Each structure stands twice: as C-alpha cells, then as structure tokens.
Amino acid sequence: MALRNLGPRVAIADTRIARPPAKEVNPHYTTPEHRAWRAVVVARAGGRCQDPACASPARGARLYADHVIELRDGGDALDLANGMARCAACHARKTLAERARRMAYLPKG
Ligand SMILES: [Zn+2]
C-alpha cells in the first residue's frame, strides 16, 4: 500500500476538536463520579491550563480534567489531588508522552 493513501485520513484529524486516537476505554470515564470529579477539577482551575509547561495558560480554551497519574498506571481515579486541568495542546502532549513512555517499557511481542 502506498503511503500517499494515508494522506486524506491524516488530514481530517483536527486536534482542535478531536481527541487523540481512542485507547481502550476505561469504564470509569462514563460514571457520574468521574463526571463530578472532572467538573471540580476544571472549575477550580478558573479557566487556566495548569500544566507547568503550558505556552499560554490563560488562553481560556476548553480544558480537560486530566489524571496526573493515569489510571492504567495506578493513579487514583477520584482523588482531586490527582487531577489537573489541561488545555487541548497540553493534554495531547502529555498523553502522547505517557504513551511513548509506556511503549518504551512494554516488552515486544
Ligand atoms: Zn496548556
């Protein structure tokens, strides 16, 4: 298969509105408890991205309630201390970094 065939698929992935490719979805994310946790994490951020590396924390863009330590890494799902509001750019950057780190540790095969 020619690589050029991938072009159209890549082009339609708009990171402003699309989440990173679906991981296996943890059922926790659909619970009312998670929605309540997420609402508090986002509300207390006061519209600012809390990622220390954020290029523009006051942009006021949509914020994602992110688990600082991801659930699959043993992070507490409902501990507010494990929550951080991140803008889309920071959320994507962190998620990709975590994935790369995880893959580096996974045995091949
Ligand atoms: Zn940010």
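User: How many residues of β1 are buried?

Analyst: 5 of the 5, so β1 is largely enclosed by the rest of the structure. Buried means 20 or more other C-beta atoms within 10 Å of a residue's own; exposed means 12 or fewer, and partly exposed is in between, with C-beta atoms placed from the backbone. This is a predicted model: local features need pLDDT of at least 70, side-chain atom pairs count only at pLDDT 80 or more, and totals for chains, interfaces and linings use all residues. Residues are numbered from 1 along each chain as its sequence is written.

User: Which way do the β1 residues point?

Analyst: Leu-63, Ala-65 and His-67 point one way, Tyr-64 and Asp-66 the other. In a regular strand, side chains alternate between the two faces of the sheet.

User: And what joins β1 to β2?

Analyst: 5 bridges, and the two strands run antiparallel. Strands pair if DSSP finds at least two bridges between them. Leu-63 stands opposite Cys-87, and His-67 has Gly-83 as its bridge partner.

User: How many residues of β2 are buried?

Analyst: 5 of the 5, so β2 is largely enclosed too. Gly-83, Ala-85 and Cys-87 point one way from β2, while Met-84 and Arg-86 point the other way.

User: Back up. What pattern does the chain follow?

Analyst: α-α-β-β-α along the sequence. That is 3 helices and 2 strands. Both are DSSP runs numbered from the N terminus: helices are H or I with at least four residues, strands are E with at least two.

User: Where is confidence lowest, and where is it highest?

Analyst: Lowest in helix α1 (residues 7-11), with a mean pLDDT of 54; highest in α2, at 97. pLDDT is the predictor's confidence in each residue, from 0 to 100. The chain averages 83, and 73% of residues score at least 70.

User: What span should α2 have?

Analyst: 18 Å for its 13 residues, at 1.5 Å a residue. The end C-alpha atoms are 18 Å apart, which agrees. The expected span is 1.5 Å times one less than the number of residues. Just after α2, Gly-46 takes a positive phi of about 60°.

User: Which residues form the largest nonpolar core?

Analyst: There are 10, including Trp-37, Val-41, Leu-63, Tyr-64, Met-84 and Cys-90. α2 (32-44), β1 (63-67) and β2 (83-87) each supply at least two residues of this core. A nonpolar core is a set of buried Ala, Val, Leu, Ile, Met, Phe, Trp, Tyr and Cys residues joined through C-beta atoms within 7 Å.

User: Why does Trp-37 count as buried?

Analyst: Because Trp-37 has 21 C-beta neighbours inside 10 Å. Trp-37 lies in helix α2.

User: What is Trp-37 in contact with, beyond four places in sequence?

Analyst: Ala-65, Leu-78, Leu-80 and Gly-83. Contact means C-beta atoms, placed from the backbone, within 7 Å. Trp-37 and Leu-78 are 41 residues apart in sequence, but 6.1 Å apart in space, C-alpha to C-alpha.

User: New topic. Where is Val-68?

Analyst: In the loop between β1 and β2. Val-68 counts as partly exposed because it has 15 C-beta neighbours inside 10 Å. Neighbours within four places aside, Val-68 is in contact with Gly-75, Asn-82, Gly-83 and Met-84.

User: And which residues is Met-84 in contact with, leaving aside neighbours within four places?

Analyst: Gln-50, Asp-51, Asp-66 and Val-68.

Terms used
Two residues are in contact if their C-beta atoms, placed from the backbone, lie within 7 Å.
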